[in-house]
Amino acid sequence: MEDQAPGFSLGRSNLEAIAGSIPLAGAAADAGPANKPKFPVATRQVAAVIDGRHTEIVLMAYADHTFIVVSQNNKLGTLMYAARDQDKYITEGEARFSVSTLLGRRDDPLHDVFARQIVELVCSTSKLPLPVVLSLSLLNTPRGPNSESELMADPASARSLLKAVLYLIRENKVWS
């Protein structure tokens, strides 16, 4: 113990005294249930069977983005970014949205349709239109450059899936 500074000891009782005197971030003096600090990311998860397929939806509201996962096979799938365009030439009441694929399949137009509809829903139901980071992993999407998905071949099936996903997102929104 010769290498330690004089008057400084890391004994268990000293550490407990130091830890007990440090207030927790966001905690009030009375740590009752009403004063319990909240985790900064509001999260909600919902599952439903849509057209016979188990579908998981996870919604997370960060301070500057909304993150939404829609998965039918417990994978993240294609990661997309969708946002409302901020252009000085767009008139009041008119909204335009941009969608870009960050990771994953870039050749599935169904992903673009889902992303555009979801960001439009999020922007129309929130006070502040935040961008959406979206993870889509839908079953029966095309696997090759010339193959057509079952969902694309049957527009009624794709439409019912989209309506159900939008309904679940709207009913379980975590943004304000």
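Strands β2 and β3 run antiparallel and are joined by 6 bridges, where helices (H or I, at least four residues) and strands (E, at least two) are DSSP runs numbered from the N terminus, and two strands pair if DSSP finds at least two bridges between them. The model is predicted, with local features requiring pLDDT of at least 70 and side-chain atom pairs counted only at pLDDT 80 or more, whereas totals for chains, interfaces and linings use all residues. Residues are numbered from 1 along each chain as its sequence is written, and side-chain values use heavy atoms, with hydrogens and water left out.

A hairpin with 4 residues links β2 to β3. On its β1 side, β2 is likewise antiparallel, with 9 bridges joining β1 to β2; T43 has M60 in β2 as its bridge partner. The hairpin of β1 and β2 has 2 residues between the strands, and D51 there takes a positive phi near 50°. D51 is not a glycine. Of the 9 residues of β2, 7 are buried, so this strand is largely enclosed by the rest of the structure; buried denotes under 20% relative accessible area, exposed over 50%, and partly exposed the range in between (1.4 Å probe, protein chains only).

The protein as a whole contains 4 helices and 6 strands, which follow one another along the sequence in the pattern α-β-β-β-β-β-α-β-α-α. Buried residues amount to 35% of the 176 residues. Among contacts (heavy atoms within 4.5 Å) with a separation of 6 or more, 58% involve residues 24 or more positions apart.

The 6 strands form an open sheet with mixed pairing, in the order β1-β2-β3-β6-β4-β5. Its edge strands are β1 (42-50) and β5, each of which pairs on one side only. Neighbouring strands of the sheet are turned against each other by 20° on average, direction ignored; axes are lines fitted to C-alpha atoms, for helices over the stretch in contact, and angles run from 0 to 180 degrees between N-to-C directions.

Strand β4 (residues 78-84) has an antiparallel partner in β6 (residues 132-137), over 5 bridges, with M80 opposite L134 in β6. β4 also pairs in the antiparallel sense with β5 (residues 97-103), over 6 bridges. In this second pairing, Y81 stands opposite S100, and A83 has S98 as its bridge partner. T78 belongs to β4 and, at 3% relative accessibility, counts as buried. Apart from its neighbours within four places in sequence, T78 is in contact with T101, L103, G104, R105, H111, L134, S135 and L136. The C-alpha atoms of T78 and D108, which are 30 residues apart along the chain, are separated by 9.9 Å.

The loop between β3 and β4 contains N74. Phi of N74 is near 60°, a positive value in a residue other than glycine. N74 is exposed, with a relative accessible area of 67%.

Helix α4 (residues 155-171) lies across β1, β2 (53-61) and β3 (66-71), and runs at about 150° to β1. At 1.5 Å a residue, its 17 residues should span 24 Å, and the end C-alpha atoms are 24 Å apart, in agreement with that value; the expected span is 1.5 Å times one less than the number of residues. The buried residues of α4 are S157, A158, L161, L162, V165, L166, L168 and I169. Seen down the axis of α4, these buried residues fall within an arc of 160°, so they line one face of the helix; the arc is that of the directions from the helix axis to the C-beta atoms. An α-helix has 3.6 residues a turn, so residues three or four places apart point the same way.
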